[in-house]
Amino acid sequence: MCMIRFISNSIVFFICLCTQANAQIKQPKFEAGAAVGAFVYQGDLTPNRFGSWKTIRPGLVLHGSRLLNGTMALRLQLSIASLHGDDAKYNNPPYRQQRNFNFRTSLIELSPQFVWSPLGWVDAGKQMSPYVFGGAALSLVRIRRDASAFNAAYFEAEPELVTQLATDLSKRTPRLMPAVPVGAGIRYSLSPTIVLNAEASYRFLLTDYLDGFSRAANPDRKDHYYNIVVGLIYRFGRKNSWDCPPMR
């Protein structure tokens, strides 16, 4: 029992240490923000393991947060963007210039997330504060795939590819797309109410048809996408203070 008490007290002490700068300072309990940045497709229509930077698209991110305590917040985020992938943007391997698959889609994503800032919600003049986040997301998409420039003669030694392409084109692309977003960022308070932030967020998808192709491309790997944004946050609302619980 003494060991259990020692471990629990140590955990409480560590949490208090991380939030010491915030423990006695009253903080606004609500935040609203906007950010702009790049959305990057990562899937079958790019050979780049870090995604298709040749077809990046701009996007807008809006969010509101409720601070739950000195280090945790619940955030609801809306992303409005588009995604694009194109085989013809790449010369290596050479077959991509002949396969010529491409797609475009609009993207409207709603995502509730938990945000954890280990150093707390720092005020102006303090050090930069890192944070991580994760949650769930549901996106409304309108996928427009195009295989009209496919050179079947180039792939005559692979007749199964034509069959696989026909299978893909006969499959209806999704309109609602669930995802698991995870990411990290950094924030810096310019004033008690205005915060500058930058973050990167990766989306794990449950489908291989974000780009409209699977069997004729790479059915063993699902599609994904991510974004990198910078923005401003406005802090408001009745202020709270969070103190560490007494150690027993």
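So, first, what I mean by a patch: it's built from residues with over 30% relative accessible area and no salt bridge, where like charges are joined within 9 Å and nonpolar side chains (Val, Leu, Ile, Met, Phe, Trp, Tyr) within 5 Å. Areas are Shrake-Rupley with a 1.4 Å probe, and for residues only the protein chains shown count as cover.

Quick housekeeping. This is a predicted model, so local features need pLDDT of at least 70 and side-chain atom pairs count only at pLDDT 80 or more, while totals for chains, interfaces and linings use all residues. Numbering runs from 1 along each chain as its sequence is written, and side-chain values use heavy atoms, with hydrogens and water left out.

Okay, the surface. There's a nonpolar patch of about 740 Å², and its members are Val36, Leu60, Leu62, Ile80, Ile108, Leu138, Leu140, Leu176 and Val230. Strands S2 (57–67) and S6 (137–146) each put in at least two residues; strands here are DSSP E runs of at least two residues, helices are H or I runs of at least four, both numbered from the N terminus. Take leucine 138, which sits in S6.

Now the charges. A salt bridge here is a side-chain nitrogen of Lys or Arg within 4 Å of a carboxyl oxygen of Asp or Glu, and searching the whole structure turns up six.

One of them joins arginine 235 and glutamate 31, with closest N and O atoms 3.5 Å apart. Arginine 235 is in strand S9 (residues 224–240) and glutamate 31 in strand S1 (residues 27–42), so this pair ties together parts 204 residues apart in sequence. Arginine 235 is buried at 1% relative accessibility, and glutamate 31 is buried at 4%. Bring in Arg187 and you have a salt-bridge network of Glu31, Arg187 and Arg235.

Next, arginine 99 and aspartate 87, with 2.7 Å between the closest N and O atoms. Arginine 99 belongs to helix H3 (residues 95–99) and aspartate 87 to the loop between strand S3 (72–86) and H3, so the parts tied together are twelve residues apart in sequence. Both of these are buried.

Last pair: glutamate 109 with arginine 203, at 2.9 Å for the closest N and O atoms. That's strand S4 (residues 102–116) to strand S8 (residues 194–205), so the pair links parts 94 residues apart in sequence. Glutamate 109 and arginine 203 are both buried too.

Conventions
Buried < 20%, exposed > 50% of the residue type's maximum accessible area, 1.4 Å probe, protein only.
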